[in-house]
Amino acid sequence: MKQLLIVSAALLLGFGCKSKKETSNMNKSPETEQPAVKSNPLQGKWNVVSIKDLDDKSVKEVAPYISISEEKLSGHDGCNRIFTSFTLNENSIKLKAIAQTKIACNDPKENRISNAFTSGLGKTTHYKIEQSKLSFLNEKGEVILTFLKV
């Protein structure tokens with residue numbers, strides 16, 4: 001047991017020390033640094049406020065949403081949890097196959113919104129952000145889903 005504590009303490013102390021390489025990198029000028037990784041502009045939680053061809057009031061009552069972290073999208077379509085990954089390229093977005101739980105929606109309104117939301121995600125090819133509003137567009141450039149940042 002004492003040996004385990006000694007090894008653990010040595011490892012913790014070792015990780016706290018900086019190597020020569022790390023210390024020398026601190027003195028580099030900004031011109032020699034690697035470019036910073038761009039943050040994902042879609043990151044965060046977004047509430048759906050509009051689905052193409054559906055009543056906005058009903059959509060807001062059912063309250064579907066998405067949460068985006070890195071290149072993962074998850075959320076709730078009004079009936080089921082959804083999960084997928086995606087890739088971004090400037091203002092285009094390519095969602096992979098959408099996985100979802102299969103909980104039955106007894107309410108016809110919830111079922112209609114759930115189906116339209118999931119279908120809209122599947123048709124999404126581009127996105128547009130204006131302040132705290134995110135729009136997903138289809139290949140024709142039509143807005144099919146609109147979200148507000150939470």
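How accessible is lysine 133, in relative terms? In this predicted model, lysine 133 has a relative accessibility of 35% and counts as partly exposed, a class lying between buried (under 20% relative accessible area) and exposed (over 50%), as computed with a 1.4 Å probe on protein chains only.

Residues are numbered from 1 along each chain as its sequence is written, and side-chain values use heavy atoms, with hydrogens and water left out. Because the model is predicted, local features need pLDDT of at least 70 and side-chain atom pairs count only at pLDDT 80 or more, whereas totals for chains, interfaces and linings use all residues.

The structure contains 3 salt bridges, each defined as a side-chain nitrogen of Lys or Arg within 4 Å of a carboxyl oxygen of Asp or Glu. Lysine 133 takes part in one of them, with glutamate 130 as its partner at an N to O distance of 3.8 Å. Glutamate 130 is likewise partly exposed, at 40% relative accessible area.

Another salt bridge joins glutamate 61 to lysine 109, at 2.6 Å from N to O. This pair connects distant parts of the chain, 48 residues apart: glutamate 61 belongs to helix H3 (residues 56-62) and lysine 109 to helix H4 (residues 108-123). Helices here are DSSP runs of H or I with at least four residues, numbered from the N terminus. Glutamate 61 is partly exposed at 47%, and lysine 109 is partly exposed at 24%.

Lysine 52 and aspartate 53 also form a salt bridge, with their closest N and O atoms 3.7 Å apart. Here lysine 52 is partly exposed at 35% relative accessibility, while aspartate 53 is exposed, at 70%.

Technical notes
Helices (H or I, at least four residues) and strands (E, at least two) are DSSP runs, numbered from the N terminus.
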